[in-house]
Amino acid sequence: MTSRRRFIGSTLGAGLALATQGCQQMAAQPARRQIVDAQIHLWKASTPDRPWVAGATPQLPEPFTIERLVPMMNEAGVDRVVIVPPTLEGERVDYAQEAARRYPGRFGIMARIALDNPDRASRLPTWRQQPAVLGVRLNITAEQTRWLTDGTADWFWPAA
């Protein structure tokens, strides 16, 4: 018959052996944290086929493209990025979706929705079915803050 002392001793010994083995494995394979950049903007140049929103100006004088971004991500050790299409793109997400198609698993999109357009409510039930779209981006500039109190955005909250 096993005594309490023998049971506790063998249990502790087995636990210690397993814990030590786990620590050795962890030391042999250091865990790497995943780095996610929570907001970047990508944009192409304004062209007749792809015009920017009237009056919009980019953050940089030249386009910030997929080809520029990916090497910067790699150099900085960034694993994934959430693309927030810039205001100058309007509600377009096609270029962001191109990045997600070309680099699967590295890009997600927070797609803009026009709060001053209640017709957009019909799009919300299937919003995340768009390729790579993770959620909604609300862009409220200083002059648009009144939309939150004047009824302009009232359609959004029940639809969301």
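## Salt bridges

Which residue's side chain meets that of Arg102 in a salt bridge with 2.8 Å from N to O? In this predicted model, the partner is Glu67. The two sit in distant parts of the chain, Arg102 in helix 3 and Glu67 in helix 2, 35 residues apart. Arg102 is partly exposed at 37% relative accessibility, and Glu67 is partly exposed too, at 46%.

Arg102 also pairs with Glu98, at 3.0 Å from N to O. Here the two residues are four apart in helix 3, so about one helical turn separates them. Glu98 comes out as partly exposed, at 22%.

Elsewhere, Arg120 and Glu91 form a salt bridge with their closest N and O atoms 2.6 Å apart. That one ties the loop between strand 3 and strand 4 (Arg120) to the loop between strand 2 and helix 3 (Glu91), across 29 residues. The total count is eleven salt bridges.

## The nonpolar core

The largest nonpolar core has 29 residues, and Leu42, Leu69, Val81, Ile83, Phe107 and Ile109 have the most contacts inside it. Helix 2, strand 2, helix 3 and strand 3 each give two or more residues to this core.

Take Val81: beyond its neighbours within four places in sequence, Val81 touches Asp37, Ile40, Met73, Arg106, Phe107 and Gly108.

Notes
Residues are numbered from 1 along each chain as its sequence is written. This is a predicted model: local features need pLDDT of at least 70, side-chain atom pairs count only at pLDDT 80 or more; totals for chains, interfaces and linings use all residues. Side-chain values use heavy atoms; hydrogens and water are left out. A nonpolar core is a set of buried Ala, Val, Leu, Ile, Met, Phe, Trp, Tyr and Cys residues joined through side-chain atoms within 4.5 Å. Buried means under 20% relative accessible area, exposed over 50%, partly exposed in between (1.4 Å probe, protein chains only). Contact means heavy atoms within 4.5 Å. A salt bridge is a side-chain nitrogen of Lys or Arg within 4 Å of a carboxyl oxygen of Asp or Glu.
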